[in-house]
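Here is a short note for someone opening this structure for the first time. Please keep the sequence and the model side by side while reading.

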Amino acid sequence: MSEPTQYPGRPRRGTGVAGVLRAAGVFVAGFALAVTALLPWAGLTAEFGILDASLTHAVRGVDAGPGWFVMGAGVTAMLLGVLGATRSWLFTGLAILPGAVAAFALAMFLADPRDLVGRLDFQVSGLLRVHPTIQYGWFAGLLASVALAVLAAAALLRRR
């Protein structure tokens with residue numbers, strides 16, 4: 001017997017509401033991951049003791065190579081989320097791979113040995129302190145990549 005005809009724009013038979021919600025969660029996590037590449041990931045902060053002020057030079061994710069990997073992983077996860085909602089739950093589960101790539105790229109951003117000048121840390125007692133900082137965008141990217149991996153793993157485990 002042949003398979004029933006599928007109409008464009010409708011989910012495949014067997015794709016329930018829970019599967020579509022998981023795919024939508026993967027899409028949202030992928031979007032969040034792509035946006036975090038545009039946020040500041042690191043910076044060099046100078047604190048002036050006499051003036052009680054600080055100055056920070058921020059580096060966005062896309063200013064370095066790993067940021068582009070994170071953005072690409074986010075866009076790929078969004079595509080897999082759409083395919084998971086319209087085609088098969090397996091596409092939703094495959095989104096665990098872009099989540100892992102993004103987490104690895106975020107780790108490589110912190111471990112980059114070529115950026116030693118940017119990781120300068122010194123202090124002039126009471127007058128000036130210069131130190132590297134990790135900005136909120138890096139933490140948001142890590143949270144989005146973990147959320148993406150958890151949602152994709154939930155899609156895979158649901159269909160064991």
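The points below go from the whole chain to single residues.

1. **Overall make-up.** This is a predicted model. The protein chain has 5 helices and 4 strands. Starting at the N terminus, the order of elements is α-β-β-α-α-α-β-β-α. Of the 160 residues in the chain, 33% are buried.

2. **Surface and contacts.** The accessible surface of the chain is about 9,900 Å². Carbon and sulfur atoms account for 69% of that surface. Take the contacts between residues at least 6 apart in sequence: 70% of them join residues at least 24 apart.

3. **Record versus model.** An unreviewed UniProt entry gives the feature "transmembrane region" at residues 20–44, 64–83, 90–111 and 136–157. How much helix and strand does the model show over residues 20–44? The answer is 68% helix and 20% strand, with the end C-alpha atoms 43 Å apart. Residues 64–83 are 95% helix and 0% strand. Their end C-alpha atoms lie 30 Å apart. The annotation may be inferred rather than shown by experiment.

4. **Helix α2.** This helix covers residues 65–86.

5. **What α2 hides.** The buried residues of α2 include Pro66, Gly67, Val70, Met71, Ala73, Gly74 and Ala77. Further along α2, Met78, Leu80, Gly81, Gly84 and Ala85 are buried too. An α-helix has 3.6 residues a turn, so residues three or four places apart point the same way. Which elements cover the buried residues of α2? Among them are α1 (17–36), β1, α3 (89–93), α4 (96–110) and α5.

6. **Ala37.** This residue sits in the loop between α1 and β1. Ala37 counts as buried because its relative accessibility is 0%, and the cut-off is under 20%. Setting aside residues up to four places away in sequence, Ala37 touches Arg60, Gly61, Val62, Gly67, Val70 and Met71. Gly67, Val70 and Met71 are among the buried residues of α2. Ala37 and Ala140 are 103 residues apart in sequence, yet 9.4 Å apart in space, C-alpha to C-alpha.

7. **The salt bridge.** How many salt bridges are counted? The count is 1. Arg60 pairs with Asp63, and their closest N and O atoms are 3.5 Å apart. Arg60 is partly exposed, at 38% relative accessibility. Asp63 is also partly exposed, at 47%. Arg60 is one of the residues that Ala37 touches.

8. **Gln135.** Gln135 lies in the loop between β4 (128–134) and α5 (136–158). Beyond its neighbours within four places in sequence, Gln135 is in contact with Pro40, Trp41, Ala42, Gly43 and Thr56.

9. **A nonpolar patch.** Phe48, Ile50, Leu51, Leu55, Val124 and Leu127 make a nonpolar surface patch of about 600 Å². Phe48 belongs to strand β1, residues 40–48. Phe48 has 33% relative accessibility, so Phe48 counts as partly exposed.

Methods: Residues are numbered from 1 along each chain as its sequence is written. This is a predicted model: local features need pLDDT of at least 70, side-chain atom pairs count only at pLDDT 80 or more; totals for chains, interfaces and linings use all residues. Side-chain values use heavy atoms; hydrogens and water are left out. Patches are made of residues with over 30% relative accessible area and no salt bridge: like charges are joined within 9 Å, nonpolar side chains (Val, Leu, Ile, Met, Phe, Trp, Tyr) within 5 Å. Accessible areas come from the Shrake-Rupley method with a 1.4 Å probe; for residues, only the protein chains shown count as cover. A salt bridge is a side-chain nitrogen of Lys or Arg within 4 Å of a carboxyl oxygen of Asp or Glu. Helices (H or I, at least four residues) and strands (E, at least two) are DSSP runs, numbered from the N terminus. Buried means under 20% relative accessible area, exposed over 50%, partly exposed in between (1.4 Å probe, protein chains only). Contact means heavy atoms within 4.5 Å. The expected span of a helix is 1.5 Å times one less than its number of residues.
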